[in-house]
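Reader: I have a chain open in my viewer and would like to talk through its fold with you. Could we begin with the overall layout and then work towards individual residues?
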Amino acid sequence: GAAVLLPGCQLPREPLPPQESFTSSTTFSRTYGFTPTQTCEAGRRALLSQGYVIYTANKELVHGRKNFQPGSETHVEMEIRIVCAPETRSGRSTLAFVTAQQDRFALKKSATAASLGVGAVGSLSLPFSASDDSMVRVGSETISSADFYDGLFVLVHRFLLDEVELGRPDENPERVPAPTS
């Protein structure tokens with residue numbers, strides 16, 4: 001027998017597998033022996049050094065964005081958020097959480113046509129040179145590459161070391177640890 005579907009009835013949809021598995025991973029976080037203010041400032045400098053436009057920067061959050069155009073009809077927008085949370089009550093150690101989201105856009109072309117009514121013949125549709133080209137989001141994903149985040153965390157650490165060398169008032173001179181996983 002053939003299966004008959006009645007109008008308005010649908011086959012049951014396959015459930016999507018979970019896209020997230022909550023594991024103990026250090027891909028998105030690092031601990032620094034500096035205050036949240038120092039850590040977020042180093043994060044801000046790290047993003048600025050790579051050409052990011054900073055939209056928010058305070059002692060707890062840095063949010064920056066950068067645009068790329070890998071092809072003539074494609075556009076990529078990278079958005080990075082750094083959250084600086086005190087790891088200890090003294091506030092001298094910070095847990096930095098970083099997430100990077102990449103949105104991909106493609107050029108959507110749509111030519112515009114004009115209609116012309118011609119007496120007994122009917123109407124005639126003629127294309128003309130105007131077009132409405134627009135960028136349409138075709139994908140969005142959180143970057144999950146450990147190498148990507150490792151590079152950013154190393155750069156943040158370098159700017160933290162610069163803070164100590166410059167003798168900034170909020171420094172922690174007794175120790176300058178490397179970021180820990």
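Author: Read along the sequence, the chain runs β-α-β-β-β-β-β-β-β-α, which comes to two helices and eight strands. Please keep in mind throughout that this is a predicted model.

Reader: Fine. What share of the 181 residues counts as buried?
Author: Of the 181 residues in the protein chain, 28% count as buried. As for how the chain folds back on itself, among contacts between residues at least 6 apart in sequence, 58% join residues at least 24 apart.

Reader: And which residues have the most contacts inside the largest nonpolar core?
Author: That core has 24 residues, and those with the most contacts inside it are Tyr 32, Leu 47, Ile 80, Ile 82, Val 98, Leu 152 and Val 156. At least two core residues come from each of α1 (36-49), β4 (74-86), β5 (94-108) and α2 (146-165), and α2 gives the most, with eight residues.

Reader: Let me pick Leu 47, then. Where does it lie, and why does it count as buried?
Author: Leu 47 lies in helix α1, and it counts as buried because its relative accessibility is 1%, where the cut-off is under 20%. Leaving aside residues up to four places away in sequence, Leu 47 touches Tyr 52, Ile 54, Val 62, Gly 64, Ile 80, Ile 82 and Leu 152.

Reader: How far apart are Leu 47 and Ile 80 in sequence and in space?
Author: They are 33 residues apart in sequence, while their C-alpha atoms are 8.4 Å apart in space. With residues up to four places away again left out, the contacts of Ile 80 include Leu 47, Val 98, Phe 148 and Leu 152, and also Tyr 52, Val 62 and His 63.

Reader: Now the helices. At what angle do the axes of α1 and α2 cross?
Author: The two axes cross at roughly 115° and come within 8 Å, and α1 passes α2 in a right-handed crossing. On the α1 side, the residues that meet α2 include Gln 38, Ala 42, Arg 45 and Leu 47, and on the α2 side their partners include Leu 152, Val 156, Phe 159 and Glu 163.

Reader: What does that contact look like by class?
Author: By class, the contact of α1 with α2 has eight nonpolar, four polar and three charged residues.

Reader: Switching to the strands, is Thr 31 buried or exposed?
Author: Thr 31, which lies in strand β1 (residues 29-32), counts as buried because its relative accessibility is 16%, and the cut-off is under 20%. Its side chain makes a polar contact with the side chain of Glu 87, at 3.4 Å.

Reader: And Val 53, what does it touch?
Author: Val 53 is in strand β2 (residues 53-57) and, not counting residues up to four places away in sequence, touches His 63, Gly 64 and Arg 65. The C-alpha atoms of Val 53 and Gly 64 are separated by 5.3 Å, although the two residues are eleven apart along the chain. At 45% relative accessibility, Val 53 counts as partly exposed.

Conventions
Residues numbered from 1 in each chain as written. Predicted model: local features only at pLDDT ≥ 70, side-chain atom pairs only at ≥ 80, totals over all residues. Heavy atoms only, no water. Core = buried A, V, L, I, M, F, W, Y, C linked by side-chain atoms within 4.5 Å. Buried < 20%, exposed > 50% of the residue type's maximum accessible area, 1.4 Å probe, protein only. Helix = DSSP H or I, 4+ residues; strand = E, 2+ residues; numbered from the N terminus. Contact = heavy atoms within 4.5 Å. Polar contact = N/O pair within 3.5 Å; in protein donor to acceptor, adjacent residues only side chain to side chain. Axes fitted to C-alpha atoms, helices over the stretch in contact; angles between N-to-C directions. Left-handed = near helix turned anticlockwise from the far one by under 90°. Nonpolar A, V, L, I, M, F, W, Y, C, P; charged D, E, K, R; others polar.
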